Amino acid sequence: MLAVYGPLIESKTITISSNPGPSQIAGKECSPYFFSTSWQGDNWAEAMGAYLQKKGQQNLYLIAPNYAAGKDVLTGLKRFYKGSIAGEVHTPLTQLDFSAELSQIKATNPAAVFAFYPGGLGVQFIKQYSQAGLKEKYTLYSSYSVDETTLPAIGDDALGLVVTTSWAPDLDNPANKKFVSGFQAKYNRVPAPYAVHAHDTINLLDSAARLIGGKVEDKPAMLAALKKADFKSPRGAFRFNTNQFPVQDFHQAKVVKHTDGKPRIVIEDIALKDYGDAYATECPMK
């Protein structure tokens with residue numbers, strides 16, 4: 001997103017992101033032509049920081065890949081978590097073998113570990129963490145590493161993992177029940193947050209086009225209609241902040257064994273309610 005953002009905004013092309021939400025775009029470099037239907041990159045980790053702070057967690061070991069999102073995630077965690085930090089490690093984005101880092105965690109002997117690794121990195125880290133025998137010694141907390149796309153590959157090694165999220169399949173509202181049942185009927189699998197973001201992007205576009213009678217070439221009218229976010233999200237409460245990133249609830253959840261015998265992410269509590277992001281105050285839009 002950072003790579004394509006400049007040319008898109010300079011050409012006044014309306015852009016909607018259903019996944020990446022870099023801090024730069026949420027703050028000083030915000031634009032009336034950019035909308036996010038997903039998150040600002042710190043968000044889920046901010047929710048984890050708030051949860052761990054409320055829990056009174058201390059001596060937390062932090063580990064994440066060394067790139068923009070990894071830095072945003074750890075920054076977000078530390079925005080709300082004010083407990084002691086046992087160590088902080090940034091690994092190369094291409095690294096798939098974490099044996100050295102797992103040995104370092106053992107040597108440090110923290111009270112718990114927070115890890116952020118996306119996609120295949122998350123699959124490898126969590127499986128290796130469990131297989132190294134650390135799962136029973138140090139509770140593993142994570143944001144973004146585990147979701148319904150990676151759970152089938154991780155399997156039971158993810159059980160007991162505490163996560164934060166803006167959505168989970170069991171979120172109790174009519175729009176979500178309809179979405180989950182329809183998605184499972186069509187694709188024969190449990191949807192992930194990315195599917196929800198894409199679903200909301202389509203409904204956002206549809207709602208805006210309807211509001212202006214289909215005249216999408218009228219950019220001022222289209223921008224105003226998009227900002228209203230006049231649709232029902234499976235996440236429940238959803239609205240745009242002044243920087244056109246979502247204001248939404250963030251939940252603490254746990255990976256448990258579902259009735260079908262497979263791991264499933266289940267919401268336990270709200271970590272941050274009706275929350276936007278820390279960068280909106282830097283955005284010149286009002």
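Please keep in mind throughout that the model is predicted.

I begin with strand β3. Is this strand mostly buried or exposed? Six of the six residues of β3 are buried, so the rest of the structure largely encloses it. The burial concerns both faces: Leu 60, Leu 62 and Ala 64 lie on one side, while Tyr 61, Ile 63 and Pro 65 lie on the other.

Which strands pair with β3? One is β4, residues 85-91, which pairs with β3 in the parallel sense over six bridges. Another is β5, which runs parallel to β3 and is joined to it by four bridges. Leu 62 illustrates both pairings, for its bridge partner in β4 is Glu 88 and its bridge partner in β5 is Phe 114. Between β3 and β4 the chain includes helix α4, residues 68-80, and these three elements make a right-handed β-α-β unit.

In soluble globular proteins, nonpolar side chains tend to be buried together. Here, the largest nonpolar core has 27 residues, and Phe 125 and Tyr 129 have the most contacts inside it. At least two residues of this core come from each of β3, α5 (99-108), β5 (112-115), α6 (119-131), α7 (151-154) and β9 (246-257). Helix α6 supplies the largest share, five residues. A second, separate core has 25 residues, including Leu 60, Ala 64, Leu 74 and Val 162.

Leaving aside residues up to four places away in sequence, Tyr 129 touches Leu 102, Ile 105, Val 113, Leu 134, Lys 135, Tyr 138, Thr 139 and Leu 140.

The largest pocket holds about 360 Å³ of space. Of the 17 residues lining this pocket, Pro 20, Gly 21, Trp 39, Tyr 67 and Ala 69 are the closest to its centre.

How many cavities of 30 Å³ or more does the structure hold? There is one. The largest cavity contains about 60 Å³ of space and is lined by 14 residues, with Trp 44, Val 146, Thr 164, Thr 165 and Ile 265 nearest its centre. Strands β6 (139-143) and β7 (162-165) each supply at least two residues of that lining, and β7 gives the most, with three.

Conventions. Residues are numbered from 1 along each chain as its sequence is written. This is a predicted model: local features need pLDDT of at least 70, side-chain atom pairs count only at pLDDT 80 or more; totals for chains, interfaces and linings use all residues. Side-chain values use heavy atoms; hydrogens and water are left out. A nonpolar core is a set of buried Ala, Val, Leu, Ile, Met, Phe, Trp, Tyr and Cys residues joined through side-chain atoms within 4.5 Å. Buried means under 20% relative accessible area, exposed over 50%, partly exposed in between (1.4 Å probe, protein chains only). Contact means heavy atoms within 4.5 Å. Two strands pair if DSSP finds at least two bridges between them. A crossover is right-handed if, with the strands pointing away from the viewer, the path from the first strand over the helix to the second runs clockwise. On a 1 Å grid over the protein atoms alone, a cavity is a set of points where a 1.4 Å probe fits but cannot get out, and a pocket is an open set with protein on both sides within 12 Å along at least five of seven lines; lining residues have an atom within 4 Å of a point. Grid points are joined across faces, edges and corners, and a volume is the space filled by probe spheres set on the points.
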